[in-house]
Amino acid sequence: MQITLFSFISALLWSSLFIIVIYLVRRTRFRPHFGVLTMVLLYLFCAARLLLPLEFPHAVIVSDSVVYPRIYSFLTRKPEPVTHLPVGLLLCAIWLFGTVFLLIRYALQYRKAIRAARQARPWDSRTASLLSEIRRQTGRTIKVRGRTAANIESAFGVGVLRRYIILPDKTYTDAELHYILLHEYTHFLNHDTAVKLLVTLYCIIFWWNPVVYLLQKDLEQNLEIKCDLSVARTLCGKERAAYLRTILSLMKQSDRKHRIPFAAAALFRTDADAAIKERFETVMAYSANRRNRVASAVFTSVFTVLLIASYTVLPQPQFEAPKSTEPQTVDFNSDTAYTNQDHVGEYWLCIQNEQPIRLTEEDVEFYKRLNFQIIKEYS
């Protein structure tokens, strides 16, 4: 088991293909047959495939003499006199610089968001009491701090270790406030802010691959729907309708857009009408979604098999060996030569029409890797 340049390229191609396929499936009429949790799991599979670009011993090597040799030649080329470093090493340096820059920028943005949440006004006793009621309703208790802030249009949760629910500085009825807090608290119960943080870090690391941003874009809607369905499980039919009416009412009250960081889990986004419509339809069809578990299991199983199968084949470049121009040299390959082990255990390289050449242990291992035939003699 090892990581090579071409196992990494193979992982990049496979993971990108998987992300594109899932992204397209989500936009077809087959989307309702696959659970939201299934979609999130499949995207995590895609991330794992790229983060684990391993080459296993059982992998079948497929030789390519057209595309991969050109890639290898480009990455190992030294563009003199500008630099004596290979192109591949320069690209790795650019990759590292971009990753460090984006990590620092994101860390500063995240710190700013947490600091702003910490400095906002704490909740009043009424709101804190409603959150305590929701803790009892869900039967799960996690530490969440409550704050109220001006200049925001939608409630949202932010933070992974220090969690905050931020509410707009508005007046809500008890029912509205209950559903708002239930939604945001459920996000934390589902660890959605942690998932979004991990996906953001994944996109930062592989910032140069445009396909990974499909993963980030689609994940947000999946997490919102997953949160809505988690809430729907605790509500009856009338309560689900009231929950959706609350979201719709709050959207109508919002008269301007306010940018919410990707790391936050918002109740809604003012510029996402199509996404809200999909959430409404999913919650109202909640009872039908429970019948799709078999389809989700089948789809996940097929995807898992494809993921495992992606490790069984590994393309690698094939180069034509140059003809030797030195005097008294012999060109040979596995078709015109083989290795022979005599009765005392010593190995010899036998080349057609040439005298046998004695081999060291290192030589034997080298020719084994080249698939030279080994013939053993016994006394």
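**Before you click.** This is a predicted model, where local features need pLDDT of at least 70, side-chain atom pairs count only at pLDDT 80 or more, and totals for chains, interfaces and linings use all residues. Numbering starts from 1 along each chain as its sequence is written, and side-chain values use heavy atoms, with hydrogens and water left out.

**Stop 1: α4 and α7.** Select 87–119 and 192–205, helices α4 and α7: their axes come within 8 Å and cross at roughly 145 degrees. Axes here are lines fitted to C-alpha atoms, for helices over the stretch in contact, with angles from 0 to 180 degrees between N-to-C directions. Helices (H or I, at least four residues) and strands (E, at least two) are DSSP runs, numbered from the N terminus. Now show side chains: α4 brings Trp 95, Thr 99, Leu 102, Leu 103 and Tyr 106, while α7 brings Leu 197, Thr 200, Leu 201, Ile 204 and Ile 205. Contact means heavy atoms within 4.5 Å. Colour by class and you get 8 nonpolar, 2 polar and no charged residues. (Ala, Val, Leu, Ile, Met, Phe, Trp, Tyr, Cys and Pro count as nonpolar; Asp, Glu, Lys and Arg as charged; the others, Gly among them, as polar.)

**Stop 2: α1 and α8.** Next, pick α1 (5–25) together with α8: the axes are 9 Å apart, at an angle of about 35 degrees. From α1, look for Ile 19, Ile 20 and Tyr 23; facing them from α8 are Val 212, Leu 214, Leu 215, Lys 217 and Asp 218. This contact has 6 nonpolar, no polar and 2 charged residues.

**Stop 3: the cores.** Which residues have the most contacts inside the largest nonpolar core? Select Ile 165, Leu 167, Leu 181 and Tyr 243, in a core of 29 residues. A nonpolar core is a set of buried Ala, Val, Leu, Ile, Met, Phe, Trp, Tyr and Cys residues joined through side-chain atoms within 4.5 Å; buried means under 20% relative accessible area, exposed over 50%, partly exposed in between (1.4 Å probe, protein chains only). The largest share of this core, 8 residues, is from α6. Apart from it is another core, of 21 residues, including Ala 47, Val 199, Tyr 202 and Val 211. Go back to Tyr 243 and, skipping neighbours within four places in sequence, find its contacts with Tyr 179, His 183, Asp 228, Val 231, Leu 235 and Arg 279.

**Stop 4: the open sheet.** Four strands run in the order β10-β9-β8-β11, with mixed pairing. Strands pair if DSSP finds at least two bridges between them. β10 (357–358) and β11 (374–376) each have a single partner strand, so one side of each lacks a neighbour in the sheet. Zoom in on β9 (347–351), antiparallel to β10 and joined to it by 2 bridges. Here Trp 348 stands opposite Arg 358.

Stop 5: Phe 372, in the loop between α13 (361–369) and β11, is buried, with a relative accessible area of 8%. Leaving out residues up to four places away in sequence, Phe 372 touches Phe 332, Asn 333, Ser 334, Ala 337, Tyr 338, Thr 339, Leu 349 and Tyr 367.

Most residues other than glycine have a negative phi. Now check His 191, between α6 and α7, where phi is near 60 degrees. Finish on Asn 353, in the β9–β10 loop: phi is near 65 degrees, and Asn 353 is exposed, at 73% relative accessible area.
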